[in-house]
Amino acid sequence: MRKGKKEVFFTAELMHWNQHQNFREMPWKAEKDPYKIWLSEIILQQTRVEQGWNYYNAFIEAYPTILHLAAATDKEVYKLWEGLGYYSRCKNLLFTARYIATNYKGIFPSAYDAILQLKGVGPYTAAAIASFAFNIPKAVVDGNVMRVLSRYFGNKTAIDSTEGKKVFTAQAETLLDTSSPGKYNQAIMDFGATICKPKSPLCEQCPISARCTAYHENAVADYPVKEKKLLKKNRWLYYIIAEHDDAVTVRMRNQKDIWQNLYEFILIENSSRLTPDAFIASSSFKKIVGKQCRVIDISPEYKQLLTHQVIHGFFVHIKTKNAIVPEGYHIEKLKIIASLPFPKFINNYLQKTMLLKP
Ligand code: SF4
């Protein structure tokens, strides 16, 4: 694609804005170490900067190099990741750290194609690492970049379609400042996050508004166009916290589902909403706990929104005469429960309950 006046204006103004008006701060900004860039990009894949900031610092402190991370245990790393969500990122992070330790002697690969081969690294993350760490001219393209381009060029190709990804990727490569690909990529990321935001973009302060099609057509809200509406699935998870002799029953989730490698209490998933009374009277509850239990506490309903699912449920804390250990579960002493990685849904409960308090 050739660079026309509109493209030249976009790149020049964006770079100028970046140099003089971009005050967005992030701990990994201007970082050249590919390990740290990779770590920050993996954290940011599904997380806002403000939330990811502390996690990034904690990871760098605990694991200053990729070899430190590769040598850590799964449990330690999952514990540090706890609360960030999208745990497949953590799984891939560990896999890739160990892969680089074994196959590249701990030295991060420096070619774009080799970076793209790493588990958990897609074209966006590979372009970010390649351009920031190695000055390779690859443009980052994600939902933020496509939103900016769709508005500026007045392009109604759906950004979640195959065609859209192709069109906007080609356009992004044309716009890239090949003499400073890292700076350009950082600029467009920051611009999408702070000026051309998803909601209420700051068009009055925008350095490229003079040539922005959506702005001139007074149609900013019409961009970007999306093909699919996200339908969320509701799930009802009911947890039994079976306490016996200062210990509780837990298991590590290893099925192909959300929250892999995190811990949970005895789970009964139901296909529809249940009241606590109906749950305690249900045959699934009775089958697990029998008659030998005392109900200590029933939590209010908890809810957590995930990208494709809405999780609802509550927790029933019981004390039993004998330990209850269904297949796949085991017993852990209460004093070590706080060191296990749990999903946010369960942690929200644990933080409010007396269970872990001495
Ligand atoms: S004028 Fe508004 S819509 Fe257009 S690029 Fe600037 S911030 Fe985005």
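Which helices each supply at least two residues of the shell around the ligand? Helix 9 (143-153) and helix 12 (213-216) do.

## Before we dig in

This is a predicted model, in which local features need pLDDT of at least 70 and side-chain atom pairs count only at pLDDT 80 or more, while totals for chains, interfaces and linings use all residues. Residues are numbered from 1 along each chain as its sequence is written.

## The overall picture

The C-alpha trace spans about 80 × 50 × 35 Å along its principal axes.

Of the 358 residues, 34% are buried. A residue counts as buried if 20 or more other C-beta atoms lie within 10 Å of its own, exposed if 12 or fewer, and partly exposed in between, with C-beta atoms placed from the backbone.

## Around the ligand

Back to that ligand. There are 15 residues around the ligand, and Cys 196, Cys 203, Cys 206, Ser 209 and Cys 212 come nearest. To be near a molecule or strand, a residue needs its C-beta atom, placed from the backbone, within 6 Å of it.

Helix 9 gives the largest share of this shell, three residues. Sorted by class, the shell has 13 nonpolar, one polar and one charged residues. In this scheme Ala, Val, Leu, Ile, Met, Phe, Trp, Tyr, Cys and Pro are nonpolar, Asp, Glu, Lys and Arg are charged, and the others, Gly among them, are polar.

## Two domains

The protein is split into domain 1 (5-222) and domain 2 (233-352), with bounds that come from an automatic or database domain assignment. Their C-alpha centres lie 37 Å apart. Ten residues from domain 1 and nine residues from domain 2 take part in the contact; two residues are in contact if their C-beta atoms, placed from the backbone, lie within 7 Å.

On the side of domain 1 that touches domain 2, helix 5 (74-81) and helix 6 (88-103) each supply at least two residues. Helix 5 provides the largest share, four residues. By class, this side of domain 1 has two nonpolar, three polar and five charged residues.

## One face of helix 16

In helix 16 (residues 344-352), the residues Phe 345, Ile 346 and Tyr 349 are buried. Seen down the axis of helix 16, its buried residues fall within an arc of 90°, so they line one face of the helix. That arc is the one made by the directions from the helix axis to the C-beta atoms. As background, an α-helix has 3.6 residues a turn, so residues three or four places apart point the same way.

What do these buried residues pack against? Their partners are strand 3 (263-264), strand 6 (302-305) and strand 7 (309-320).

## Spots in the loops

The loop between helix 12 and strand 1 (233-244) holds Pro 224. The peptide bond from Tyr 223 to Pro 224 is cis, with omega near -5°.

Asn 135 sits in the loop between helix 8 (123-134) and helix 9. Although Asn 135 is not a glycine, it has a positive phi of about 60°. Asp 245, in the loop between strand 1 and strand 2 (247-252), isn't a glycine either, yet has a positive phi of about 55°. Asp 245 counts as partly exposed because it has 13 C-beta neighbours inside 10 Å.
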